[in-house]
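Work through these exercises with the sequence and the 3D view side by side. Try each task before you read its solution.

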Amino acid sequence: QIEGERGGSGYPYALRNVGKICQKTGDDEETEKWLRRSIEVSRNALAQPAATLGPDLAAGLSILGNMLTQRGDHAGAEKALLESIEQYDVSIQAAEECDDRIASTWCYQKELGGASKPGPETDDHRQTGRAVALLRLANVRKDEGKYDEALEHANEAVNVIEQGDKDYNTAYALTIRGTLRLRVGQYAEGAADFDRVLAIRQKTVGSD
């Protein structure tokens, strides 16, 4: 299920492993089913690499940008994060333009009892990944003293992440935006963001 949400090369690998498990139990029919699905996912990835493999490239660039920010290399971080956002944009557009069975693993998740194609009410890993890259770029702009630009990136990221169902992503985004709001003098708005972070923490972890 995790690999199905992300897509990329890990998903057919996971399907093959299920097939191997079925083979060890002597269930030839199930083995063939899972191996054929793995093969088809790989073929679809070759047909639409921007939609299926692009997020892996974008995620790597985003993580690199975050590491470079922590190291103080703001120029390098900016370059990596801007390319990450660009790759996410290409992947998102490609996924929207192509057929479900070619675009990604969404259709296979549906067949396996998982989620259907992401829509306004669901969490698309491409959109979420792009939002995280925006938050990391916001941190770069904050370190450069460009608070207004940083807050613009953070606002865009929060609007996307709030549509998903991952509380920890929402808390992360609100923490960054809340910090930036305090920096630009939006004290009430910043406090409201941190109140929401506290509420999420109490819901997911407890009050201790």
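**Exercise 1. Decide whether serine 38 is buried or exposed, and list what serine 38 touches.**

Step 1. Find the element: serine 38 lies in helix α3, residues 28-47. Helices are DSSP runs of H or I with at least four residues, strands are runs of E with at least two, and both are numbered from the N terminus.

Step 2. Read the accessibility. Serine 38 has a relative accessible area of 2%, so serine 38 is buried. Buried means under 20% relative accessible area, exposed means over 50%, and partly exposed is in between (1.4 Å probe, protein chains only).

Step 3. List the contacts. Not counting residues up to four places away in sequence, serine 38 touches Pro12, Leu15 and Arg16. Contact means heavy atoms within 4.5 Å.

A note on the model: it is predicted, so local features need pLDDT of at least 70 and side-chain atom pairs count only at pLDDT 80 or more, while totals for chains, interfaces and linings use all residues. Residues are numbered from 1 along each chain as its sequence is written, and side-chain values use heavy atoms, with hydrogens and water left out.

**Exercise 2. Describe the protein chain as a whole.**

Step 1. Count the elements: the protein chain has 12 helices and 0 strands.

Step 2. Take the burial. Of the 208 residues in the protein chain, 40% are buried.

Step 3. Look at contacts with a separation of 6 or more. Residues 24 or more positions apart account for 60% of them.

**Exercise 3. Check the length of helix α2 and find its buried residues.**

Step 1. Work out the expected span, which is 1.5 Å times one less than the number of residues. Helix α2 covers residues 10-24, and its 15 residues should span 21 Å.

Step 2. Compare. The end C-alpha atoms of α2 are 21 Å apart, which agrees.

Step 3. Pick out the buried residues of α2: Gly10, Tyr11, Pro12, Leu15, Gly19 and Cys22.

Step 4. Look past the helix. Glycine 26 follows α2, and its phi is positive, near 80°.

**Exercise 4. Describe how α6 packs on α9.**

Step 1. Check α6 itself. Its 24 residues should span 34 Å, and its end C-alpha atoms are 34 Å apart, which agrees.

Step 2. Take the geometry. The axes of α6 (residues 74-97) and α9 (residues 125-143) come within 9 Å and cross at roughly 160°. The two helices are therefore roughly antiparallel. Axes are lines fitted to C-alpha atoms, for helices over the stretch in contact, with angles from 0 to 180 degrees between N-to-C directions. Angles under 35 degrees count as roughly parallel, over 145 as roughly antiparallel, 65 to 115 as roughly perpendicular and the rest as oblique.

Step 3. Name the hand: the crossing of α6 and α9 is left-handed. That is, the near helix is turned anticlockwise from the far one by less than a right angle; clockwise would be right-handed.

Step 4. Sort the contact residues by class. The contact of α6 with α9 has 11 nonpolar, 5 polar and 7 charged residues. Ala, Val, Leu, Ile, Met, Phe, Trp, Tyr, Cys and Pro count as nonpolar, Asp, Glu, Lys and Arg as charged, and the others, Gly among them, as polar.

Step 5. Find buried positions. The buried residues of α6 include Ala77, Leu81, Ser84, Ile85 and Tyr88. Recall the general rule: an α-helix has 3.6 residues a turn, so residues three or four places apart point the same way.
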